[in-house]
Amino acid sequence: MKTSSKVAIFPGSFDPFTIGHQQIVEQSLDLFDEVIIAIGQSATKVPLLSTELRLEALLETFASSKRVKAEAFSGLVVDFAHKKGARFLIRGLRNETDLAFELPMAHTNRCLAADIQTVFLPTSPERAFISSTLVREIAKHRGDFTPFVPEAFARRMKAANP
């Protein structure tokens, strides 16, 4: 990897990855040479899809882009960013509630690793209401979640929640 390339990490649990997340990745490609979607391990969340299935679906969703990669990680995201040679963290914003949550996290990450910058990207207004939590709830109640997730995720979610 070239040291001059702009590598960014887009961290999250992505359970599931939504079309809002997809839009953030697509916007990121205008700014960065490579985007690594980093699936973090959450001690508090019970996943709808296994990490392996989420990775598979991400790789399928972005198969046409050599600039998007997906990996799982554990520990601090700034440590993962250093390991990958990334100097940027991408965070998507849907509303002011997201900003209130994300800004302290960005400040904390900056204190932990002064060389890593957080970049906030807003979703489009028509996707601002979509959240992984909402999609999981729709899936649990057997509603039609397919308009809110990439097709690769929809297939795996249907198989996991018949």
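**Helix packing and aromatic pairs**

In this predicted model, helix 2 (residues 51-61) and helix 6 (residues 151-160) have axes that come within 8 Å and cross at roughly 150 degrees. Because angles over 145 degrees count as roughly antiparallel, helix 2 and helix 6 are described as roughly antiparallel to each other.

Helix 2 against helix 6
- The crossing in which helix 2 passes helix 6 is right-handed.
- On the side of helix 2, the contact is made by Leu53, Arg54, Glu56, Ala57, Leu58, Glu60 and Thr61, while helix 6 contributes Glu151, Ala152, Phe153, Arg155 and Arg156.
- Sorted by class, the residues in this contact of helix 2 with helix 6 comprise five nonpolar, one polar and six charged.

Aromatic pairs
- The count of aromatic pairs comes to seven.
- One of the pairs is formed by Phe17 and Phe153, whose rings are stacked, with 5.8 Å from centre to centre and 25 degrees between the planes.
- Phe17 lies in the loop between strand 1 (7-12) and helix 1 (19-28), whereas Phe153 belongs to helix 6, so the pair ties together parts that are 136 residues apart in sequence.
- Phe17 and Phe153 are both buried, and Phe153 is also among the residues of helix 6 that make the contact with helix 2.
- Ring pairs link Phe17 and Phe153 with Phe10, Phe14 and Phe62 into a cluster.

Technical notes. Residues are numbered from 1 along each chain as its sequence is written. This is a predicted model: local features need pLDDT of at least 70, side-chain atom pairs count only at pLDDT 80 or more; totals for chains, interfaces and linings use all residues. Side-chain values use heavy atoms; hydrogens and water are left out. Axes are lines fitted to C-alpha atoms, for helices over the stretch in contact, and angles run from 0 to 180 degrees between N-to-C directions. Helices (H or I, at least four residues) and strands (E, at least two) are DSSP runs, numbered from the N terminus. Angles under 35 degrees count as roughly parallel, over 145 as roughly antiparallel, 65 to 115 as roughly perpendicular and the rest as oblique. A crossing is left-handed if the near helix is turned anticlockwise from the far one by less than a right angle, and right-handed if clockwise. Contact means heavy atoms within 4.5 Å. Ala, Val, Leu, Ile, Met, Phe, Trp, Tyr, Cys and Pro count as nonpolar, Asp, Glu, Lys and Arg as charged, and the others, Gly among them, as polar. Rings of Phe, Tyr and Trp (its six-membered ring) pair if their centres lie within 6.5 Å; planes under 30 degrees apart count as stacked, over 60 as edge-to-face and the rest as tilted. Buried means under 20% relative accessible area, exposed over 50%, partly exposed in between (1.4 Å probe, protein chains only).
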